[in-house]
Amino acid sequence: MRFPVKLALISIAVFLAAFQIRFSIETMEAQDTFLFIPFQLKPGTNTIEPGSFAQARDAVRPGDILLEVNDRSFTGISIYRQELRTVRRHLDSARGLSMDEQIKTVSPWRFHVTVRRPNGNIRTANVYFANCTCGSLGQSRVIWYLIVPPLLCLLAGLIVAALRPAAPVHWLFLAVAICLAQVALVPSVFNDRWSQEANPLEWQDWFRIPALAYQTFFSNSWPAWLLLFGVYSRPPEHGTKLFWWAATPTLAIAVLKTIDAIGWSENYQITAELHRQLEVMSTPATALALLALACVTWSLGTVRRVGALLSAVVALYFLYWPLSPVLAPFTPTYPYNAGFEAEIPHLFWTPEVVAAVFTVVVFLLVAARGRTRRKISEATCLAMLAIPFLYFASSKVWGVFWVESLPQATMGALYLGLLGSACLVIFKPHPPPASTPR
C-alpha cells in the first residue's frame, strides 16, 4: 500500500469514527424526548415560515424577521438549533425533581426571540415548549434503527477499502457505504418539526462545519457514487470514462448544496444568492443530470438504450408537470391536544424523488447485464443497495410514516445488499478498467 493511499484511508477512518461515535452518543442522549421546534425558517433566510405551533404563535408570525435567539444575534440556523437543544437539555435535567424544584429550575430558562415585524416594529417575546414525548422511540429501537445500521455500513466500507486500496471499485464501495450511513430508517415526522436524532447544527465547536459538510455532500451525491459503483462492479467493454462525465453534474450539484448548507448554518447572508439560484435552477439542473445519465446507456445495447430513453421521458414529464391529476397534492391535518395542528407534507414529485427513481432505473440497466445464474445473483445484490436510497428520497419529501414493516424491510435490503456487494467486490477479480479519469 502506497503511503499517500494509506494516509488517506487512515484519515478517512479517523474522521468517520469520530463523527459516528459522537452522533451515536448524542442520539442516545436525545432518545427520551423529541426536540420541540416551535417555528421554522425559510431555508437560506431569517424569515419565519407559516405553520408555527400554538406555543409560538403569540411570539412570532409568518413573515417576521428573526433577529436574536436568547440574546444571540441570528446569523445562521445553527444559532437557533443550538439554543433549542440547550433549553431542551435543561428542561430534561429537571425531571425527577419535586414540583417546586422544577418550577425554580425551569422558570429562568424561557426561550425568547427578538423579531422585526413587517411594519418595522421590533419585539422580544417568550416561546414556551410543549413537553411531549408522543411517538418517542424506546432505547432498543433507537439502537436498532438509528445507531447500528450506519455503524455497520461504515465498518463494511472501511474493511473493503483496506483490503485492496489500489482498486477503484473498493473506494467506490466505501463511498456507497458512506451514503448508506446517511439513510434515516425512521424519517423525521411532521415535516421535521420534531427531531429525535442528533444534528450537527446543534454542535457548538469546530467539528460542526466538517460534520455538516460530510452529511450534506454524501446525502446529495449518492446517485453518482451508486452509478459508478455499479459500472466498476461490472465494467463495460468501452471503459468507464464516459460514466464519470455523466456523474459530474450530480457531484457538482452536491458540492453547491454543501456550500449552501454551511452558509445557512454559519452566515446565511453570504450564500443567500447561491441558495436562491439553487432553488430557481433545481428543476433544470436535475433535468441536465438525468439526460447525462441517460446518454451513458446508449453504448450498452438497444434494450437498455430504449429503457433509458423511455425512463428519461417519464422523468422529464414528472419534473415539469409535478401536479398531474394522477398525483394531486393533499394536505390533511391532524389536531392534537397540545393546541396545534401538524400539516402533512404535499404528495407530489420533486426533483429529488424524480432523480432518485431515474438513477435507480439507470443503475439497474447498467448492473443487470447477462442472463447466467451468477450474473443474475450479482445484479440482485447490487439492486438491493438501491432500495434504501429510494426509501431515503421518498421519506424526505412524502413523510413516510411509521409503519413497522417498512423500516424493517428497508433495513433488511440494506444488510443483504451491503453483504452481497461486499462479497462481489472482494471475491470477484476486477481487471483494470479500459479508461479511467485523469
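Predicted model: local features only at pLDDT ≥ 70, side-chain atom pairs only at ≥ 80, totals over all residues.
Local features require pLDDT of at least 70 and side-chain atom pairs count only at pLDDT 80 or more, whereas totals for chains, interfaces and linings use all residues. Residues are numbered from 1 along each chain as its sequence is written, and side-chain values use heavy atoms, with hydrogens and water left out.

Helices (DSSP runs of H or I, at least four residues) and strands (DSSP runs of E, at least two) are numbered from the N terminus. Helix 5 comprises the 25 residues 139-163. From its first C-alpha to its last, helix 5 reaches 35 Å, close to the 36 Å expected at 1.5 Å a residue; the expected span is 1.5 Å times one less than the number of residues.

Nine salt bridges were counted, each defined as a side-chain nitrogen of Lys or Arg within 4 Å of a carboxyl oxygen of Asp or Glu. One of them joins Asp64 to Arg117, with the closest N and O atoms 2.8 Å apart. Asp64 lies in the loop between helix 2 (54-57) and strand 2 (65-69), and Arg117 in the loop between strand 4 (111-116) and strand 5 (122-127), so the pair ties together parts that are 53 residues apart in sequence. Both Asp64 and Arg117 are buried (buried, under 20% relative accessible area; exposed, over 50%; partly exposed, in between; 1.4 Å probe, protein chains only).

A further salt bridge, at 2.9 Å from N to O, connects Arg72 and Glu83. This pair links strand 3 (residues 72-73), which holds Arg72, to helix 3 (residues 77-93), which holds Glu83, across eleven residues. Arg72 is partly exposed at 28% relative accessible area, while Glu83 is buried at 12%.

Within helix 10 (residues 272-280), Glu273 and Arg276 are three residues apart, and therefore separated by about one helical turn. Their closest N and O atoms lie 2.8 Å apart in a salt bridge. Glu273 is partly exposed at 43%, as is Arg276 at 42%. Elsewhere, salt bridges with shared partners join Arg22, Glu26 and Asp205 into one network.

Helix 11 (residues 282-295) packs against helix 13 (residues 351-367) at an angle of about 5 degrees, with the axes 10 Å apart. Helix 11 is therefore roughly parallel to helix 13 (angles under 35 degrees). Axes are lines fitted to C-alpha atoms, for helices over the stretch in contact, and angles run from 0 to 180 degrees between N-to-C directions. Residues of helix 11 including Leu290 and Leu293 meet residues of helix 13, among them Phe358 and Val362, contact meaning heavy atoms within 4.5 Å.

Terms used: Parallel < 35°, antiparallel > 145°, perpendicular 65-115°, else oblique.
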